[in-house]
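Student: I'm new to this structure and would like to learn how to read it. Could you take me through it one feature at a time?

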Amino acid sequence: MSATEVAEEKRLLEDSGSSHRMGDRIFYGAAFGSGLLILGILIAVSAFLLAQSVPALIAPAEELPGDSSSFWSYVLPFAFGTIWVALIALLIATPISIAVALFVSHYAPRSLAKPFGYVIDLLAAVPSVVFGLWGIGVLAPAVQPIYVWLTENLGWIPLFQGPASGTGRTALTAALVLAVMILPIMTAMSREVFVQTPVLQQEAALALGATRWEMVRTAVLPHGRPGIISAMMLGLGRALGETMAVAMVLSPAAIISFALLTTQNPNTIAANIALNFPEAFGIGVNTLIATGLVLFAITLVVNMLARWIIRRGNNA
């Protein structure tokens, strides 16, 4: 190889390295800028909520909506209703989402698994107002006789104490609607985690004589535990912030009650904002924004708790 050819090859290598380095710098700058942008948006939202909430936090009781003695006594029933309804929805959706994800990933034939998974994913595209209409027009009338039976036969349990709602628009109905709404995303995340279980671990369990369920219990579920927790926390975050479906289905009141079937049900923060914001003015607007700040803090705590649980599970 001549000296000219060696110099040309060296120049080409330097040009290639320079272009790669330029691409790396561009990618790094874009990724770093995106991270800063998200952080800036979060700080801006937090600053807005704090600034708009201060008048409600320091306002005298007579200026606050309702008969509240302070802002905290006003927001406490709504915070309770938000967490209570979301937890009931999560309790209903979690076993169903895990079962559906396992069916799609390990039990259903390939010809059925793919279209079945598509149908589940399509539920995530249904608007909230459609779920609300379905809850009012279909679900509530269908479950109302069941609520009557529960109050008559299991009314000694505080959750099922009566009298039962005559319309079926109860906290349990709202939780059922929320469970259907968070089911697709929880199922999709769980399915992706289950599919990524190492094949060698599954084959080893089967080779040792394990049944299909024993293989799932000893290999798939332990491997997918962090993903299941992430799916649960993501579904819980969606349920905490849901507005229209809960506002349409729930028969709300500013109370703290664990009863699931009565006419008077604890309202959620998001639904309360949606119902009252159009007519609010003055300090009422600041009060509703302050309740939004409380909801923001609740979701932040939920996400921090989820990260702590996942980190602890990975280190165990």
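Tutor: Happy to. Let's begin with Leu-112, which is found in helix α3 (residues 110–122). A helix here is a DSSP run of H or I with at least four residues, a strand is a run of E with at least two, and both are numbered from the N terminus. Keep in mind that this is a predicted model, where local features need pLDDT of at least 70, side-chain atom pairs count only at pLDDT 80 or more, and totals for chains, interfaces and linings use all residues. Residues are numbered from 1 along each chain as its sequence is written, and side-chain values use heavy atoms, with hydrogens and water left out.

Student: Is Leu-112 buried, exposed or partly exposed?

Tutor: We go by relative accessible area: buried means under 20%, exposed means over 50%, and partly exposed is in between, using a 1.4 Å probe and protein chains only. Leu-112 has 39%, so it is partly exposed.

Student: What about Thr-170, buried or exposed?

Tutor: Thr-170 lies in the loop between α4 and α5. Its relative accessibility is 0%, so it counts as buried.

Student: Which residues does Thr-170 touch?

Tutor: A contact means heavy atoms within 4.5 Å. Not counting residues up to four places away in sequence, Thr-170 touches Tyr-147, Ser-165, Leu-250, Leu-260, Leu-261, Thr-262 and Asn-265.

Student: How do I read the span of α4?

Tutor: Start with the expected span, which is 1.5 Å times one less than the number of residues. Helix α4 (residues 128–154) has 27 residues, and a straight helix would reach 39 Å, but the end C-alpha atoms of α4 are only 32 Å apart.

Student: Where does α4 bend?

Tutor: To find a bend at a residue, take the angle between axes fitted to the seven residues ending there and the seven starting there. In α4, the bend is about 45° at Leu-139, and the proline Pro-141 follows within four residues.

Student: And how does α5 compare with its own expected span?

Tutor: From its first C-alpha to its last, α5 reaches 35 Å, close to the 36 Å expected for its 25 residues. There is still a kink of about 40° at Leu-183, shortly before the proline Pro-184. Because 18 of the 25 residues of α5 are buried, this helix is largely enclosed by the rest of the structure.

Student: What about charged residues?

Tutor: The general idea is that side chains of opposite charge can pair when their charged atoms come close. A salt bridge here needs a side-chain nitrogen of Lys or Arg within 4 Å of a carboxyl oxygen of Asp or Glu.

Student: How many salt bridges are there by this rule?

Tutor: The count is two. In one, Glu-192 pairs with Arg-191, and the closest N and O atoms are 3.9 Å apart. Arg-191 is buried at 12% relative accessible area, whereas Glu-192 is partly exposed at 43%. In the other, Arg-238 pairs with Glu-242, with 3.6 Å between the closest N and O atoms. Arg-238 is partly exposed at 31%, while Glu-242 is buried at 8%.

Student: Let's end with the loop between α1 and α2. What does Ser-68 contact?

Tutor: Leaving aside neighbours within four places in sequence, Ser-68 is in contact with Ala-61, Ser-73 and Tyr-74. Ser-68 is in that loop, and it is buried because its relative accessible area is 14%. Ser-70 lies in the loop as well, but it counts as partly exposed at 28%. Ser-70 is in contact with Ala-61 and Leu-64, again leaving aside neighbours within four places in sequence.
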